[in-house]
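Here are my notes on this model, as numbered points. Please read them with the structure open.

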Amino acid sequence: MRTLSNIGTLLVINILTVICSIPIFTAGAALSAMHYMIMKMMDGEDGRIPKRYFEQFRANFKTSTPVWLVLLILAIFLWYDYRVLHAGSDTPFRLLLVAVFVGAFLLFAIFVWIFPVMARFEGGFGGAFRNAGRLSIGSFPRTLLMMALWFVITFALSQSWKLLPLYFLFGFSAPTYFSALVYYPVIKRMIRKATGEP
């Protein structure tokens with residue numbers, strides 16, 4: 001019954017996240033709210049999902065939106081560079097292509113940490129990037145595992161149009177849930193340290 005309840009919770013959270021991300025500039029607040037709800041779900045406090053989700057959406061909107069837009073612009077810039085450089089065959093193009101892959105790796109590493117951090121801590125724009133950067137390096141094995149989870153689940157769900165409904169139902173919440181199993185112990189330690197709990 002608990003498993004079925006968790007699946008239902010993830011379904012509702014995913015649908016809310018998809019809907020709230022349709023105007024793409026609001027996706028940052030939607031992702032932060034999703035991470036908050038999934039962490040609360042792991043604490044057994046997953047009641048009143050729509051109400052609490054939208055409370056967090058509004059609370060994180062001002063901080064999450066500029067962070068999301070910066071990440072989005074950087075991702076578009078890297079994708080454009082990849083398309084341009086991939087067409088070249090000379091050595092300089094290949095070296096620059098390596099730099100693009102490194103940049104994409106670093107951006108992805110920041111992505112898997114920054115929204116969980118913003119969901120539970122107040123640090124502003126700069127603080128969010130600093131904390132996400134520190135965590136991505138300080139917990140590097142966890143970072144790699146979270147990146148792998150996001151990549152594998154997203155790749156698997158994108159292999160067929162028949163899986164598109166499944167992506168709408170669980171495409172965001174499923175990789176976030178499995179990533180939270182990895183990052184939440186770190187976040188909980190940070191919360192205890194910040195509040196002085198043993």
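1. Overall size. Along its principal axes, the C-alpha trace spans about 55 × 45 × 30 Å.

2. Basis. The model is predicted: local features need pLDDT of at least 70, side-chain atom pairs count only at pLDDT 80 or more, and totals for chains, interfaces and linings use all residues. Residues are numbered from 1 along each chain as its sequence is written, and side-chain values use heavy atoms, with hydrogens and water left out.

3. Secondary structure. The protein chain has 8 helices and 0 strands. From the N terminus, the order is α-α-α-α-α-α-α-α. Helices (H or I, at least four residues) and strands (E, at least two) are DSSP runs, numbered from the N terminus.

4. Burial and surface. Of the 198 residues, 42% count as buried. Buried means under 20% relative accessible area, exposed over 50%, and partly exposed in between (1.4 Å probe, protein chains only). The protein chain exposes about 11,100 Å², and carbon and sulfur atoms supply 71% of that area. Areas come from the Shrake-Rupley method with a 1.4 Å probe; for residues, only the protein chains shown count as cover.

5. Take contacts with a separation of 6 or more: residues 24 or more positions apart account for 76% of them. Contact means heavy atoms within 4.5 Å. The protein chain has 18 positive and 8 negative charges, and their mean positions are 2 Å apart. Lys and Arg count as positive, Asp and Glu as negative; His and the chain ends are not counted. Each charge is placed at NZ of Lys, CZ of Arg, CG of Asp or CD of Glu.

6. Helix 2. This helix covers residues 27–42. Its 16 residues reach 23 Å from first C-alpha to last, close to the 22 Å expected at 1.5 Å a residue. The expected span is 1.5 Å times one less than the number of residues. How many of its residues are buried? The count is 15 of the 16, so helix 2 is largely enclosed by the rest of the structure. Gly 44 follows helix 2 and has a positive phi, near 80 degrees.

7. Lys 40. This residue lies in helix 2. Is Lys 40 buried or exposed? Lys 40 is buried, at 12% relative accessible area. Not counting residues up to four places away in sequence, Lys 40 touches Glu 45, Asp 46, Arg 52 and Arg 120. Check these side chains in the view.

8. Trp 68. Helix 3 (residues 49–86) holds Trp 68. Trp 68 is buried, with a relative accessible area of 13%. Its contacts, leaving aside neighbours within four places in sequence, are Ile 24, Phe 25, Ala 27, Gly 28, Leu 31 and Phe 115. Trp 68 and Ala 29 are 39 residues apart in sequence, yet 8.2 Å apart C-alpha to C-alpha.

9. Ala 180. Helix 8 (residues 173–195) contains Ala 180. Ala 180 counts as buried, at 0% relative accessibility. Which residues does Ala 180 contact, leaving aside its neighbours within four places in sequence? They are Ile 38, Met 42 and Pro 185. Met 42 is 138 residues from Ala 180 along the chain, and their C-alpha atoms are separated by 8.6 Å.

10. Helix 1. Gly 8 sits in helix 1 (residues 2–20), and Ile 19 is also found in helix 1. Gly 8 is partly exposed, at 31% relative accessible area. Ile 19 counts as partly exposed too, at 46%. Ile 19 and Ala 30 are 11 residues apart in sequence and 8.8 Å apart in space, C-alpha to C-alpha.

11. Helix 5. Residues 124–138 form this helix of 15 residues. It reaches 21 Å from first C-alpha to last, close to the 21 Å expected at 1.5 Å a residue. Its buried residues are Gly 127, Ala 128, Ala 132, Gly 133, Leu 135 and Ser 136.
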